[in-house]
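Me: I'm new to this one and would like to go through it slowly. Can you show it to me before I start asking?

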Amino acid sequence: MDYHDLLARLGEGSAHPGGFLATMQLLDVLSLPAGLHVLEIGCGTGRTACHLARQGYQVTAIDLHRHMLDKAVRRARKERVDVRFIQADATALPLPSNHVDVVFIESVTIFTPWRKSLSEYARVLKPGGLLVDREMVLSGRKTELMSRRLRRFYGIRTLATVATWKKRLRGSGFSNVAVKEQSRTMGKWGVDHDPLREIDMNWLEDKKVQQMSRTNDQLLMRYGNRLGHAVFTARVPVEAGAK
């Protein structure tokens, strides 16, 4: 079992800084016109994808984790919303080029080879399309030990500052790169009631799960003051055309 298996078993629907409340606040700020085709990458158990569908968007949602997607499909059925779920990797999106209006991501790109992921985001977006990406960022000193521990437990592949992320986005062909939200700490978010959360109850007493929960708390306590988060927005240039 790894960290993502743990989230799947616990049915976590908003395992990103700020939780689901931050997602809803961000969508209010963005004020995206209804009817847009939104691709959510790393949809997990489908909470945000279903919310987007309820708001009148055409939603495609991908995740690499099969157990996550199974729960997402069941959630969409219960909510009676239409979401196209696909099992896929962020670095190899099974979608045509110039296909979607918005790519929406929350705490996913840091777990991927970022060059390949950013290239894929740009490829599937239509010219003028919008990228929205909330990610953990480095806000303090990074050490090799810290990077190794965070990678081993969470699977984080990259820790970078806000300035570095902006440079990466521009280098990947995006324009109008901006930071919509930024915090120098991970912060804390309150308990969020999710009535459709599916928890695999038999796993709650599992010693491995309990140990992983303790390790998570220890890592956040030790390194939390060096980690923050930010929401980046960027656009594919209108003149980008087909790729």
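This is a predicted model: local features need pLDDT of at least 70, side-chain atom pairs count only at pLDDT 80 or more; totals for chains, interfaces and linings use all residues.

Me: Let's start with charges, then: how many salt bridges does the structure hold?

Reply: The structure holds 14 salt bridges. Side chains of opposite charge can pair when their charged atoms come close.

Me: Give me one to look at. What does glutamate 79 meet in a salt bridge?

Reply: The side chain of glutamate 79 meets that of arginine 54, with N to O at 2.1 Å. The two belong to distant parts of the chain, 25 residues apart, since glutamate 79 sits in helix 4 (residues 66–79) and arginine 54 in helix 3 (residues 47–54).

Me: And why does arginine 54 count as partly exposed?

Reply: Arginine 54 counts as partly exposed because its relative accessibility is 43%, and that class covers the range between under 20% for buried and over 50% for exposed.

Me: Which residues are linked with Arg54 in a network of salt bridges?

Reply: Arg54 is linked in a network of salt bridges with Arg47, Arg75, Glu79 and Asp194.

Me: OK, what about arginine 74, which residue forms a salt bridge with it?

Reply: That is glutamate 198, and the closest N and O atoms of the pair are 2.8 Å apart. Here too distant parts of the chain are linked, with arginine 74 in helix 4 and glutamate 198 in the loop between strand 6 (175–183) and helix 8 (207–223), 124 residues apart. Arginine 74 has a relative accessibility of 32%, so it counts as partly exposed.

Me: Then the pair of arginine 134 and glutamate 106: are they buried or exposed?

Reply: Arginine 134 and glutamate 106 are both buried, and they form a salt bridge in which the closest N and O atoms are 2.9 Å apart. Because arginine 134 lies in strand 5 (residues 125–138) and glutamate 106 in strand 4 (residues 100–106), the pair ties together parts that are 28 residues apart in sequence.

Me: Back to helix 3 for a moment. How many of its residues are buried?

Reply: Seven of the eight residues of helix 3 are buried, which leaves the helix mostly covered. The buried ones are Arg47, Thr48, Ala49, Cys50, His51, Leu52 and Ala53.

Me: What covers the buried residues of helix 3?

Reply: The cover includes helix 2 (19–30) and helix 4, together with strand 1 (37–41), strand 2 (58–63), strand 3 (83–87) and strand 4. Just after helix 3, glycine 56 takes a positive phi of about 100°.

Me: Strand 1 came up there. How many of its residues are buried?

Reply: Five of the five residues of strand 1 are buried. Both of its faces are covered, with His37, Leu39 and Ile41 on one side and Val38 and Glu40 on the other.

Me: Do strand 1 and strand 2 pair in the parallel or antiparallel sense?

Reply: Strand 1 and strand 2 pair in the parallel sense, over five bridges, and within this pairing valine 38 stands opposite valine 59 in strand 2.

Me: Where does threonine 60 lie, and what does it touch?

Reply: Threonine 60 lies in strand 2. Leaving aside residues up to four places away in sequence, threonine 60 touches His37, Val38, Leu39, Glu40, Arg84 and Ile86. Its relative accessible area is 3%, so threonine 60 is buried.

Me: Moving on to strand 7, why is it largely enclosed?

Reply: Strand 7 (residues 227–235) is largely enclosed by the rest of the structure because eight of its nine residues are buried. Strand 5 and strand 7 run antiparallel and are joined by nine bridges, while strand 6 and strand 7 also pair in the antiparallel sense, over six bridges.

Me: Where does arginine 235 come in?

Reply: Arginine 235, in strand 7, stands opposite leucine 130, and arginine 235 is also the bridge partner of serine 175.

Me: Last topic, pockets. What volume has the second largest pocket?

Reply: The second largest pocket has a volume of about 220 Å³. Its lining includes Met1, Asp2, Tyr3, Arg149, Phe153, Lys208 and Leu219, and the lining residues divide into five nonpolar, three polar and four charged.

Me: Which helix supplies the largest share of that lining?

Reply: Helix 8 supplies the largest share, six residues, and helix 6 (144–154) and helix 8 each supply at least two.

Key: Residues are numbered from 1 along each chain as its sequence is written. Side-chain values use heavy atoms; hydrogens and water are left out. A salt bridge is a side-chain nitrogen of Lys or Arg within 4 Å of a carboxyl oxygen of Asp or Glu. Helices (H or I, at least four residues) and strands (E, at least two) are DSSP runs, numbered from the N terminus. Buried means under 20% relative accessible area, exposed over 50%, partly exposed in between (1.4 Å probe, protein chains only). Contact means heavy atoms within 4.5 Å. On a 1 Å grid over the protein atoms alone, a cavity is a set of points where a 1.4 Å probe fits but cannot get out, and a pocket is an open set with protein on both sides within 12 Å along at least five of seven lines; lining residues have an atom within 4 Å of a point. Grid points are joined across faces, edges and corners, and a volume is the space filled by probe spheres set on the points. Ala, Val, Leu, Ile, Met, Phe, Trp, Tyr, Cys and Pro count as nonpolar, Asp, Glu, Lys and Arg as charged, and the others, Gly among them, as polar. Two strands pair if DSSP finds at least two bridges between them.
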